[in-house]
Amino acid sequence: MLFLAAYVVLAAGAFAADKAMIKKNVDDMVTAINNGKPATSYAADAYDPYAFVMDANGKLIVHPHLAGEYLQEKAAPIYSALQQATMDGLWVTYIWKGAPKETYVRRTKGNLTVGSGN
């Protein structure tokens, strides 16, 4: 029982650290894009977990498997959740393939959505 409690505490701490890193990655990407860096210059798999960039029409500009695809056609529940993105950033929660997921998303000045999560 003590082992299980220790595991839960360590896992929660690791998730908090992961969330901080995810937020930093997204915030850094948004700042760079707002300062003129092309969104297309990012490689989705350069981050763990991967990062994505979506245009205002739902087209994924940066994504490891769906670049060029429209998210609302491929994963409507995720697309709906990402519509909550703000310029200040926030965590959104949704169910994907039966499991709860959390993604940190922010909008750029040019109305791109940048996000990452687990």
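**Strand 1 and its partners**

I looked up the pairing of strand 1 and found that it runs antiparallel to strand 5 (residues 113-117) over 4 bridges. Strands here are DSSP runs of E of at least two residues, helices are runs of H or I of at least four residues, and both are numbered from the N terminus. Two strands count as paired if DSSP finds at least two bridges between them. The model is predicted, so I note that local features need pLDDT of at least 70, side-chain atom pairs count only at pLDDT 80 or more, and totals for chains, interfaces and linings use all residues. Residues are numbered from 1 along each chain as its sequence is written, and side-chain values use heavy atoms, with hydrogens and water left out.

Ala 51 has Ser 116 as its bridge partner in strand 5. Strand 1 also pairs with strand 2 (residues 60-62), again in the antiparallel sense, over 2 bridges. There, Val 53 stands opposite Val 62. The hairpin of strands 1 and 2 has 5 residues between the strands, and in this hairpin Gly 58 takes a positive phi near 90°.

I then asked which way the side chains of strand 1 (residues 51-54) point. Ala 51 and Val 53 point one way, Phe 52 and Met 54 the other, and all are buried (under 20% relative accessible area, with exposed over 50% and partly exposed in between; 1.4 Å probe, protein chains only). In a regular strand, side chains alternate between the two faces of the sheet.

**Rings and charges**

I searched for aromatic pairs, meaning rings of Phe, Tyr and Trp (its six-membered ring) with centres within 6.5 Å; planes under 30 degrees apart are stacked, over 60 edge-to-face, and the rest tilted. The count came to 1. The ring centres of Trp 91 and Tyr 104 are 5.4 Å apart and the planes are at 50°, so the pair is tilted. Trp 91 lies in strand 3 (residues 90-96) and Tyr 104 in strand 4 (residues 99-107), so the pair ties together parts 13 residues apart in sequence. Trp 91 is partly exposed, with a relative accessible area of 25%, whereas Tyr 104 is buried at 2%.

I also checked for charges over rings (NZ of Lys or CZ of Arg within 6 Å of the ring centre and within 35 degrees of the ring normal). Lys 19 lies over the face of Trp 91, at 4.6 Å from the ring centre. The charged end of Lys 37 sits over the ring of Tyr 42, 4.3 Å from its centre.
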